[in-house]
Amino acid sequence: MLIIGSHVGYKKDTGLVGSVKEALSYNANTFMFYTGAPQNTIRSEIDSNNVKEALALMKENNIDKDKVIVHAPYIINLANGDKDKFVFSCRFLSEELKRVTKLEMKYLVLHPGSHVGKGEEIGLDNIVKALNQVLDQDEGEVMILLETMAGKGSELGKTIEELAFIINNVKKKERLGVCLDTCHLHDAGYDMTKFSSFLDDFDKIIGLDKIKCLHLNDSKNILGSHKDRHENIGKGMIGLETLLDIAANKKLEDIPKILETPYIDGKAPYKEEIELIRKNLSK
Ligand code: FE
Ligand code: FE
Ligand code: ZN
């Protein structure tokens, strides 16, 4: 069965229960959320009663909690070696891992980081150093999913090889996985019409078992543009047919597919897009 949802809100007053309800309103059977605003570090205390209620609501509605995804905020940048930023990013990531554990979720998606002009090698080394530091001190089991990036600005994680370098150099490899993002891959230069050969390459370099999440997005820009601007399903440069093929790929059958497409006239498009994908795949 197709496991599909979108990113949903997480508000202080309604917590995880509110997120589940939003996902259900889109007829989704999974979802992704940030534990607060993605652009800032203001985080409210997690209420365990709210989590309990949310987990019960998920069970009732056949949402597998082990497929639900948490996304770390953008302000974590493990690639920037400047002492203050590095310490801040590591500390925030450690706290985020604890929050995900409290929420009883398994996966935290993370943008690997931007080297901000310091060079790719230094940036990648900083990411490795940070992940080793954070994971060495973390007793939990949450898996950090490194997201494939568009290569906008000085973003790292724009190639399979960069992600492989990070994973290969982190001691607790079992705590690392990958989140594919179709818009980012396309913008990074991977032709999504050749997705199965992309997966073959990925399997050789990293291993398919590391893929735990897929962000299903169209892209506003051409292949290799390095822009990272998401488009609604079927309205961009990747196109409906290719996105449907990816959603239906047997090798990723058990992987949650998450829409991060833009709102249309201030309204979430997820209910319609989920329906569009389901309808076409059941043909
Ligand atoms: Fe992301
Ligand atoms: Fe994404
Ligand atoms: Zn993006």
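The lining of the largest pocket comprises nine nonpolar, nine polar and six charged residues. This structure is a predicted model, and the values below are computed from it. The pocket has a volume of about 510 Å³. Among the residues closest to the centre of this pocket are His111 and Asp228, of which His111 coordinates the iron ion (ligand 1) and Asp228 the zinc ion (ligand 3).

**Largest pocket**

- The largest pocket is lined by 24 residues, and those closest to its centre are Tyr74, His111, Met149, Glu155 and Asp228.

**Zinc site**

- Three residues coordinate the zinc ion (ligand 3) at 2.0 to 2.3 Å: His184 through NE2, Asp228 through OD and His230 through NE2.
- Along the chain, the donors of the zinc ion (ligand 3) follow the pattern H-x43-D-x1-H.
- His184 belongs to helix H6 (residues 182-188), whereas Asp228 sits in the loop between strand S10 (218-219) and strand S11 (230-231); the pair therefore ties together parts that are 44 residues apart in sequence.
- His184 has a relative accessible area of 2%, which is under the 20% limit, and is therefore classed as buried.
- A distance of 5.4 Å separates the zinc ion (ligand 3) from the iron ion (ligand 1).

**Iron sites**

- The iron ion (ligand 1) is held at 2.1 to 2.3 Å by NE2 of His71, NE2 of His111 and OE of Glu147.
- The donor residues of the iron ion (ligand 1) show the sequence spacing H-x39-H-x35-E.
- The iron ion (ligand 1) lies 3.3 Å from the iron ion (ligand 2), and Glu147 coordinates both.
- His111 is found in the loop between strand S4 (107-110) and strand S5 (113-114), and Glu147 in strand S6 (residues 143-147), so the pair ties together parts that are 36 residues apart in sequence.

- Strands S3 (residues 69-71) and S4 run parallel and are joined by three bridges; Val70 has Leu108 of S4 as its bridge partner.
- Between S3 and S4 the chain passes through helix H3 (residues 83-102), forming a right-handed β-α-β crossover.
- S4 also runs parallel to S6, to which four bridges join it.
- Leu110 has Leu146 of S6 as its bridge partner.

- Thr148 is located in the loop between S6 and strand S7 (155-156).
- With a relative accessibility of 4%, Thr148 counts as buried.
- The C-alpha atoms of Thr148 and Ala188 are 8.7 Å apart in space, although these residues are 40 positions apart in sequence.

Conventions. Residues numbered from 1 in each chain as written. Chains lettered and ligands numbered in written order. Predicted model: local features only at pLDDT ≥ 70, side-chain atom pairs only at ≥ 80, totals over all residues. Heavy atoms only, no water. Donors = N, O, S within 2.8 Å, 3.2 Å for Na, K, Ca; no water. Helix = DSSP H or I, 4+ residues; strand = E, 2+ residues; numbered from the N terminus. Buried < 20%, exposed > 50% of the residue type's maximum accessible area, 1.4 Å probe, protein only. Pairing = 2+ DSSP bridges. Right-handed = clockwise from strand over helix to strand, strands pointing away. 1 Å grid on protein atoms, 1.4 Å probe; cavity = no way out; pocket = protein on both sides within 12 Å on 5 of 7 lines; lining within 4 Å. Points joined across faces, edges and corners; volume = space filled by probe spheres on them. Nonpolar A, V, L, I, M, F, W, Y, C, P; charged D, E, K, R; others polar.
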